[in-house]
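My notebook is open, and I want to look up a few things in this structure.

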Amino acid sequence: MIRGPVLPQMRETLWALVAGHLEAIETGLVLVGEHLDCNDGQFGVIDGLARDASGAPVLLLLAIDGDSLLTARAIAAVEFLDRIGDALAGAVPEGRFVVGGRPRVMVVGNDAASGSLAALQRFGALPLEICRLVPFRIGNSERFAVRWLAGAGEPPVSANDAAENVQTAFAVPEASRGHWQTLARLCERLDPDVRVDGDRYTRRITWRGWLLGQVVVADGTMLAMGPDGVRHSLHTENDVRAFGDRLLRSYAACAGLALAGTAAPPAARPGRQEPAPPGSHCRSLSTGSGGETLRTSISHACLTADEYRALGGAGRPAGEAAEAGAAMETARAAGAEAAARPAMRPD
């Protein structure tokens, strides 16, 4: 007698949470429509139809404990995408789906749906992406965490190992793979504490918690963002070098390296005192003007051709690119030196 009204209420509450936070679940995810019926009502409706950052359709299923038809509905959703294929783009023109995009089925639940999520995880034959939402508050601020339990193309995570978060592969457009590999190598060599993580369509680049920059895929192109959120194109090698320069400047600022023209670390919030970044006592590496680029600031750190090739610079223009390679290695070495140096006494 109670089960009837309880499930719809739980579904309605969870859907309001999911529909309002699609961007937090996956970068670029946009809701196109609700209540998609692809099985003549036999197993219930698909909760939402969305479009991802690449233009591909995503079917959204809510996981509610006590929903005995969830697995059947997930199977029906996968079969529907197989049957309709690229024809969905013409059938739902308002969705602006890209022909040839890779459609997906995404199952979303919360802590109250742990039983249903665990059952789907054990049913590893389906190509599902499964995540759990964890809403919480800090003071009056609502926060929203997403834990990925399984992803398409990723091995399902055991229900007994729910603490592990599946790292989704970065969906870089084919034309931008070389540019992303260049940036990834720069991050690897910049500092051992630089971390690169994110969802299918974004990568956050951080150093000891400080945000250095982000790389985002939107509408088939790769864009870069600094800590200020301003977007920059990454169409050419010059664009990649310019963003690499900004990454180095952000790293230098957070590590306390006083490079010319480098912005200060993020300002502390009013009423709070943020701890000083490690290495903030570090000496200046340059005394040039504010408009001076990082490559110019440390251009005295010259490399031979063999040294530059050993750092992965083969095939790039000799002048500016060589200085960029030297800048990266010099900044990394200086950061290690600064972290190892004891803090100076006030007197």
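**Cysteines.** I looked up cysteine 187 and found it buried, because its relative accessibility is 4% and buried means under 20% relative accessible area, exposed over 50%, partly exposed in between (1.4 Å probe, protein chains only). Cysteine 131 also counts as buried, at 0%. I then checked for disulfides, meaning a pair of cysteine sulfur atoms within 2.5 Å, and the count comes to 0.

**Ground rules.** I have to remember that this is a predicted model, where local features need pLDDT of at least 70, side-chain atom pairs count only at pLDDT 80 or more, and totals for chains, interfaces and linings use all residues. Residues are numbered from 1 along each chain as its sequence is written, and side-chain values use heavy atoms, with hydrogens and water left out.

**Salt bridges.** Side chains of opposite charge can pair when their charged atoms come close. I counted a salt bridge when a side-chain nitrogen of Lys or Arg is within 4 Å of a carboxyl oxygen of Asp or Glu, and the structure holds 14 of them.

- Arginine 11 meets aspartate 47 at 3.2 Å, N to O. Arginine 11 sits in helix α1 (residues 3-19) and aspartate 47 in strand β2 (residues 46-51), so this pair ties together parts 36 residues apart in sequence. I noted arginine 11 as partly exposed at 21%, while aspartate 47 is buried at 5%.
- Arginine 104 meets glutamate 129 at 2.7 Å, N to O. They sit in strands β4 and β5, 25 residues apart, and both are buried.
- Glutamate 174 meets arginine 177 at 2.9 Å, N to O. Glutamate 174 is exposed at 62%, and arginine 177 is partly exposed at 37%.
- Shared partners join Glu26, Asp52, Arg104, Glu129 and Arg200 into one network of salt bridges.

My helices (H or I, at least four residues) and strands (E, at least two) are DSSP runs, numbered from the N terminus.

**The sheet.** In what order do the 5 strands of the open sheet come? I read off β7-β8-β9-β10-β11, with antiparallel pairing; two strands pair if DSSP finds at least two bridges between them. β7 (194-197) and β11 (231-233) stand at the edges with a single partner strand each, so one side of each has no neighbour in the sheet. Between β9 (residues 210-218) and β10 (residues 221-225) I found 5 bridges, and valine 216 has leucine 223 in β10 as its bridge partner.
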